[in-house]
Amino acid sequence: MPSLPLQVAVVCSSNQNRSMEAHHILSKRGFNVRSFGTGSHVKLPGQAPNKPNVYDFRTTCDQMYNDLIKKDKDFYTKNGILHMLDRNKRIKPGPERFQNCKEWFDLILTCEERVYDHVVEELNSREQETCQPVHVVNVDIQDNYEDATLGAFLICELCQCIQHTDDMDDEIEELLQEFEEKSGKAFLHTVCFY
């Protein structure tokens, strides 16, 4: 078993639903975790499918919350966005972009293939300094509240299993295969280096 706790990052597009739910669950289980988005902006559902609420990543959860209350408190209460933002502001002040983070992680979990591609591309574009490996794993999670919760528990279970391996580098492939069979989900995996 690793002597130090895993340094974990969870990444989705806007750092609002899937990555924040996993961040919340993992932190409650004692993991050293951070969460991020890879999108150019934070997008939250609007009153029409083709009209999302778009925010800069520097916008705090409080600012988004207050903006949506002004726009239509009843609508954003009923669709769960205000509840989600209330949860998020208890986790951290606001969303963060993965591309702006220079911290090193042992394991980065992404919530959709497009985000996985962005993370791998970003890591491969950086100059290698130490050749320390980072495992990047994608777990496809639909962007809705129920799937975000179920996905967060799956991610937490995976992290707990990885934390208890003797050698993550040697055992992760077999572990991911077991999780694929158990969950019925396909996992993408690659190793990048810092």
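**Close-up views of aromatic pairs and helix packing**

**View 1. Tyr194 is buried, with a relative accessibility of 5%.** Buried denotes under 20% relative accessible area, exposed over 50%, and partly exposed in between (1.4 Å probe, protein chains only). W104, at a relative accessible area of 30%, is partly exposed. The model is predicted: local features need pLDDT of at least 70 and side-chain atom pairs count only at pLDDT 80 or more, while totals for chains, interfaces and linings use all residues. Residues are numbered from 1 along each chain as its sequence is written, and side-chain values use heavy atoms, with hydrogens and water left out.

**View 2. Aromatic rings form 4 pairs in the model.** Rings of Phe, Tyr and Trp (its six-membered ring) pair if their centres lie within 6.5 Å; planes under 30 degrees apart are stacked, over 60 edge-to-face, and the rest tilted. The ring centres of F75 and Y76 lie 4.9 Å apart with the planes at 85 degrees, an edge-to-face pair. F75 is partly exposed at 29% relative accessibility, whereas Y76 is buried at 2%. In the pair of W104 and Y194, the centres are 5.2 Å apart and the planes stand at 15 degrees, so these rings are stacked. This pair joins distant parts of the chain, 90 residues apart: W104 belongs to the loop between α3 (81-91) and β5 (107-110), and Y194 to the segment after β7 (187-193). Helices (H or I, at least four residues) and strands (E, at least two) are DSSP runs numbered from the N terminus.

**View 3. F36, F98 and F105 make up one aromatic cluster.**

**View 4. Helix α1 (residues 18-28) packs against helix α5 (residues 145-163).** Their axes, fitted to C-alpha atoms over the stretch in contact, are 8 Å apart and form an angle of about 50 degrees. α1 crosses α5 in a right-handed manner, the near helix being turned clockwise from the far one by less than a right angle. Residues R18, E21, A22, I25 and L26 of α1 are in contact (heavy atoms within 4.5 Å) with A148, T149, A152, F153, I155, C156 and C159 of α5. This contact of α1 with α5 comprises 9 nonpolar, 1 polar and 2 charged residues. Ala, Val, Leu, Ile, Met, Phe, Trp, Tyr, Cys and Pro count as nonpolar, Asp, Glu, Lys and Arg as charged, and the others, Gly among them, as polar.

**View 5. Helix α3 has buried residues I81, L82, M84, L85, R87 and N88.** The elements that cover these buried residues of α3 include α1, β3 (42-48), α2 (61-78) and α5.

Technical notes:
Axes fitted to C-alpha atoms, helices over the stretch in contact; angles between N-to-C directions.
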